[in-house]
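Please keep the sequence and the structure in view while reading.

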Amino acid sequence: MEDHYYLYLALAVASLLVVIANNRRRAAAHGLRLPPGPWQLPVIGSMHHIAGQLPHRAMRDLARRHGPVMLLRIGEVPTLVVSSREAAREVMKTHDAAFASRPLSATVRVLTSGGRDIIFAPYGDHWRQLRKIAITELLSARRVLSFRAVREEEVAAMLRACAAAAAEAKAGGAGTVEMRSRLSALVADATSRAVVGDRCKDRDLFLRELNRSIELAAGFNPADLWPSSRLVGWLSGAVRRAEECRDTVYGILDGIIREHLEMMESGGGGEAEDLLDVLLKIQKDGSLQIPLDMDVLKAVIFDIFGAGSETSATTLEWAMAELIRNPKSMRRATAEVRAAFAAHGTVLEHALGDLRYLHLVIRETFRLHTPLPLLLPRQSSGSGQQHPEPACRVLGYDVPPGATVLVNVWALGRDERYWPGGDAEAFRPERFEADAGGEVAGVEFKGADFELLPFGAGRRMCPGMAFGLANVELALASLLFHFDWEVPGLDDPTGLDMTEAFGITAKRKGDLLLRPILRVPVPGV
């Protein structure tokens with residue numbers, strides 16, 4: 001038995017050496033200077049280096065050994081991982097056009113109707129048209145401002161629920177609020193009313209399918225890792241689950257669209273125009289270069305729900321958790337909000353720009369807990385043929401055409417080179433204060449500073465930044481204005497569990513159960 005063990009071991013080592021030698025010969029034959037990376041195994045490639053870990057953390061650790069431009073093979077998929085400010089700038093600015101497309105995995109292809117949405121659409125005329133519609137018609141500053149009343153009403157509803165919990169606690173009950181579900185419902189309802197004009201009656205089902213789709217789109221299921229194997233795809237069932245998820249979501253949207261069309265035909269409808277109204281009018285106008293069919297409309301609506309609700313709720317939950325863990329920051333943020341709005345008795349969205357420290361809290365939350373730690377994958381341009389030319393170079397290394405490209409913005413946000421002071425892992429909003437000597441006071445998250453990229457940069461930067469921020473700012477300010485917050489049974493707030501969950505978005509793993517203590521009366525309660 002022992003002899004067989006050594007024989008198998010020898011065969012595995014021999015196979016590995018052959019694979020490495022062949023890869024090197026192919027690269028040398030084509031004159032490519034490929035990026036370095038960890039050693040690979042047949043079939044699984046580099047997966048054993050990240051298995052059992054959160055990918056963004058494992059890739060940060062690998063980059064410390066192999067460099068800021070690193071080539072992995074995740075299953076069959078060649079994957080370039082970028083982990084420095086300079087490399088991110090080359091991918092998202094210098095060579096932005098060469099990396100402006102998205103890889104369409106088997107599951108993403110199903111969920112997006114073949115890449116016909118905004119987020120995953122291949123770089124080309126269809127994507128350019130949808131992005132122009134998103135920027136000028138759907139998610140412009142004027143349009144976001146038009147939904148102010150919706151946000152204020154939904155935040156008011158959340159505050160009343162928190163006030164009820166505070167009253168229960170004062171009466172001797174538990175009086176706790178599970179923040180994830182409460183914040184998810186808030187953002188989902190606000191987004192639903194902005195997108196389709198009303199709260200979705202199938203909200204819970206819709207959110208469940210939305211979460212399933214996000215998990216499937218993460219790219220770590222067998223169907224996406226070994227795309228050449230139909231057997232692997234069939235056995236994994238991921239594509240089948242993606243089809244079920246898409247059909248459920250599209251079925252819900254079919255009913256909503258049908259109601260809107262009937263309302264438009266009858267000449268009814270309210271004064272407020274939701275995003276679906278805008279899309280249907282653009283479709284009916286018929287002046288577009290590429291006509292919008294109903295599948296495209298549904299894919300775009302699904303994008304806005306996914307990007308607008310999931311990331312905002314995640315950011316709010318992390319912000320509250322960090323403030324709980326850092327009482328000094330909590331006291332300062334709370335004092336600022338209450339001083340600004342004490343005379344009004346409620347938070348006014350139009351005056352949120354005056355809250356300097358609160359915006360630093362949000363910026364620091366983005367730095368430590370960017371909602372998409374690896375952003376969304378890009379793809380290097382090229383034919384993907386057997387002997388292709390390199391798409392371009394990043395920090396002197398050739399990038400194979402067709403390679404998936406990941407920018408580890410989570411690693412950038414915690415890199416001591418860009419966040420000096422020896423506390424890059426600490427939550428310290430003061431680092432951004434110009435008048436207090438903040439060492440990174442000028443660093444913003446709007447795509448120009450490549451060490452802080454929660455919304456990405458370049459052509460594929462998130463067009464819904466203003467939409468998402470509006471939900472975060474009003475809700476966070478209102479929660480701090482009306483309530484103090486504590487964790488039941490936790491004497492030392494620094495002991496709050498901050499473990500991340502696995503997924504394309506970096507959510508908290510555990511529930512955030514908080515007890516509100518009413519300090520400023522909630523109107524209507």
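## Helix α7

Helix α7, residues 148–170, contains 23 residues and reaches 32 Å from its first C-alpha to its last, close to the 33 Å expected at 1.5 Å a residue. The model is a predicted one.

The buried residues of α7 are V150, R151, E154, V155, M158, L159, C162, A163, A165 and A166. An α-helix has 3.6 residues a turn, so residues three or four places apart point the same way. The buried residues of α7 pack against several elements: the helices α6 (141–146), α8 (179–196) and α18, and the strands β3 (177–178), β8 (483–486) and β9 (513–518). Just after α7, G172 adopts a positive phi of about 100 degrees.

## Helix α9

How does the span of helix α9 (residues 203–216) agree with what its 14 residues should give, and what is that span? At 1.5 Å a residue the helix should span 20 Å, and its end C-alpha atoms are 20 Å apart, which agrees.

In α9, the buried residues are F206, L207, E209, L210, S213, I214 and L216. These buried residues pack against α4 (106–111), α8, α10 (222–225), α12 (238–266) and α14. F206 also takes part in a cluster, in which ring pairs link F206, F302 and F305.

## The protein as a whole

The protein has 18 helices and 9 strands. A compact globule of 525 residues would have a radius of gyration near 24 Å; the protein has 24 Å, which agrees. Along the principal axes, the C-alpha atoms fill a box of roughly 75 × 60 × 50 Å.

Of the 525 residues, 52% count as buried. The protein exposes about 23,400 Å², and carbon and sulfur atoms supply 54% of that area.

## Aromatic rings

A search of the whole structure finds 10 aromatic pairs. In one of the pairs, the rings of F445 and F455 have centres 5.9 Å apart and planes at 45 degrees, so the pair is tilted. Both F445 and F455 lie in the loop between α17 (409–412) and α18 (465–482), so the pair ties together parts that are 10 residues apart in sequence.

Are F445 and F455 buried or exposed? F445 is buried, because its relative accessible area is 7% and the cut-off for buried is under 20%. F455 is also buried, with a relative accessible area of 14%.

## Charges over rings

Two arginine residues are placed over aromatic rings. R128 lies over the face of Y123, at 5.1 Å from the ring centre. The charged end of R508 sits over the ring of W318, 5.9 Å from the centre of that ring.

R325 belongs to helix α14 (residues 294–325). With 26% relative accessibility, R325 counts as partly exposed. Which residues does R325 touch, not counting those up to four places away in sequence? R325 touches P493, T494, L496 and M498. R325 and L496 are 171 residues apart along the chain, yet their C-alpha atoms are separated by 6.4 Å.

S181 lies in helix α8. At 43% relative accessibility, S181 counts as partly exposed. S181 and E317 are 136 residues apart in sequence and 9.8 Å apart in space, from C-alpha to C-alpha.

## Positive phi angles in loops

V43 is a residue other than glycine, and its phi has a positive value near 70 degrees. V43 is found in the loop between α1 (2–29) and α2 (55–66). Is V43 buried or exposed? At 58% relative accessibility, V43 counts as exposed.

L395, also a residue other than glycine, has a positive phi near 50 degrees. L395 lies in the loop between β5 (392–394) and β6 (397–399). Because its relative accessible area is 32%, L395 counts as partly exposed.

Technical notes:
Residues numbered from 1 in each chain as written. Predicted model: local features only at pLDDT ≥ 70, side-chain atom pairs only at ≥ 80, totals over all residues. Heavy atoms only, no water. Phe/Tyr/Trp six-rings, centres within 6.5 Å; stacked < 30°, edge-to-face > 60°. Helix = DSSP H or I, 4+ residues; strand = E, 2+ residues; numbered from the N terminus. Buried < 20%, exposed > 50% of the residue type's maximum accessible area, 1.4 Å probe, protein only. Lys NZ or Arg CZ within 6 Å of the ring centre and 35° of its normal. Rg over C-alpha atoms; globule rule 2.2 N^0.38 Å. Areas by Shrake-Rupley, 256 points an atom, 1.4 Å probe, with all protein chains shown as cover. Expected span 1.5 Å × (residues − 1). Contact = heavy atoms within 4.5 Å.
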